[in-house]
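This briefing describes a single protein chain and the packing of its secondary-structure elements. Please consult the sequence and the structure below alongside the points that follow.

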Amino acid sequence: MFELLSSIELTPFYISFKLAFITTVILFILALPLSWWLSQSNSKVKPFIEALTALPIVLPPSVIGFYILWSLSSNSYIGAFFEETFGIQLVFNFTGLVIASCFYSLPFMVQPLQSGFENLNKNMLEASYISGKSKLTTLFKVALPNIKPSLLTALIVTFAHTVGEFGVVLMIGGSIPGETKVASVAIYEFVEILDYDMAHVYSAIMLVLSFVVLLGVYIFNNKQKKSFI
């Protein structure tokens, strides 16, 4: 047992958590204004934007991975532009993983934030506007502090979802040790070579971490609900 534990390679976990952290930060910056607009807008294009952001929930990871791979490869205009202009390859490296993860985890950031904003007391927002506060000030000084459960849910679920990604990251990043080989890909490879002992160990670590993260979210949200009663 001790020999098995001592042979665990922590690099895939480090890459997984590094990817999840960077993706969560980027998506928070991008999804915050989008979620706020969706919660306040009555535009006719709103349903189309909502449908686009929710697509990763219903589409198979292989479909998302294929189109991202096609869009970012050196044979595409985007991929060729970045390679020729900046010397950056967008697939089969960590940069590609971040881009793919941002697409794949977008709804897990947008939807909780949008729901939190929509459930805010409208009188609170109107009072902020009447007192002369701008929309930006209202967002950061009034709206965000009052949706802490939704904010925490968006951050934690996005992080946890990114840690557990498999299909998309495998198609975009492959399995390059120390570069794109995340924990989920490592588990897949252990199963492929019939090393079920290591697959059990890696899977157990991921299971425990995911459970602890979700448990923390539910405990915090329940405490927040009780504080309003």
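Residues 199-220 are 100% helix and 0% strand, and their end C-alpha atoms lie 32 Å apart. Helices (DSSP runs of H or I, at least four residues) and strands (runs of E, at least two residues) are numbered from the N terminus. The model is predicted, so that local features need pLDDT of at least 70 and side-chain atom pairs count only at pLDDT 80 or more, while totals for chains, interfaces and linings use all residues. Residues are numbered from 1 along each chain as its sequence is written, and side-chain values use heavy atoms, with hydrogens and water left out.

**Overall architecture**

- The chain has 12 helices and zero strands, in the order α-α-α-α-α-α-α-α-α-α-α-α along the sequence.
- Along the principal axes, the C-alpha atoms fill a box of roughly 65 × 45 × 30 Å.
- Of the 229 residues, 38% count as buried; buried means under 20% relative accessible area, exposed over 50%, and partly exposed in between, with a 1.4 Å probe and protein chains only.
- Among contacts in the chain with a separation of 6 or more, 72% come from residues 24 or more positions apart; a contact means heavy atoms within 4.5 Å.

**Annotated regions**

- The UniProt record, an unreviewed entry, assigns "domain: ABC transmembrane type-1" to residues 13-217. UniProt positions are given in the numbering used here, feature names are shortened, and annotations may be inferred rather than shown by experiment.
- The span of residues 13-217 is 79% helix and 0% strand, with its end C-alpha atoms 21 Å apart.
- The unreviewed UniProt entry also annotates "transmembrane region" at residues 12-36, 48-70, 90-110, 151-172 and 199-220.
- One of these spans, residues 12-36, is 100% helix and 0% strand, and its end C-alpha atoms are 35 Å apart.

**Packing of α3 with α6**

- Two packed helices are described by the angle between their axes and the distance between the axes. Axes are lines fitted to C-alpha atoms, for helices over the stretch in contact, and angles run from 0 to 180 degrees between N-to-C directions.
- Helix α3 (residues 46-58) packs on helix α6 (residues 94-118) at an angle of about 130°, the axes being 6 Å apart. That angle makes α3 oblique to α6; angles under 35 degrees count as roughly parallel, over 145 as roughly antiparallel, 65 to 115 as roughly perpendicular and the rest as oblique.
- The crossing of α3 and α6 is left-handed. A crossing is left-handed if the near helix is turned anticlockwise from the far one by less than a right angle, and right-handed if clockwise.
- Contact residues of α3 include Lys 46, Glu 50 and Thr 53, and those of α6 include Phe 103, Tyr 104 and Gln 114.
- By class, the contact of α3 with α6 comprises eight nonpolar, three polar and three charged residues. Ala, Val, Leu, Ile, Met, Phe, Trp, Tyr, Cys and Pro count as nonpolar, Asp, Glu, Lys and Arg as charged, and the others, Gly among them, as polar.
- Ala 54 is found in α3 and touches Pro 107 and Gln 111, not counting residues up to four places away in sequence. Ala 54 and Leu 106 are 52 residues apart in sequence and 7.8 Å apart in space, C-alpha to C-alpha.

- Helix α2 and helix α9 (residues 148-163) pack at about 140°, with their axes 8 Å apart, which makes α2 oblique to α9.
- The crossing of α2 past α9 is right-handed.
- Among the residues in this contact are Phe 17, Phe 21 and Phe 28 of α2 and Leu 151, Leu 155 and Phe 159 of α9. The contact of α2 with α9 has 10 nonpolar, five polar and no charged residues.
- The axes of α2 (residues 11-40) and α7 (residues 122-130) come within 13 Å and cross at roughly 105°, which makes α2 roughly perpendicular to α7.
- Trp 36, Ser 39 and Gln 40 of α2 meet Lys 122, Leu 125 and Tyr 129 of α7; by class, these are three nonpolar, two polar and one charged.

**Helix α11 and positive phi values**

- In helix α11 (residues 183-192), the buried residues include Ala 183, Val 185, Ile 187 and Phe 190.
- Leu 194 follows α11 and lies in the loop between α11 and α12 (196-227). The phi of Leu 194 is positive, near 65°, in a residue other than glycine, and Leu 194 is exposed, with a relative accessible area of 59%.
- Phe 92 is found in the loop between α5 (77-86) and α6. Phe 92 is not a glycine, yet has a positive phi of about 60°; it is partly exposed, with a relative accessible area of 40%.
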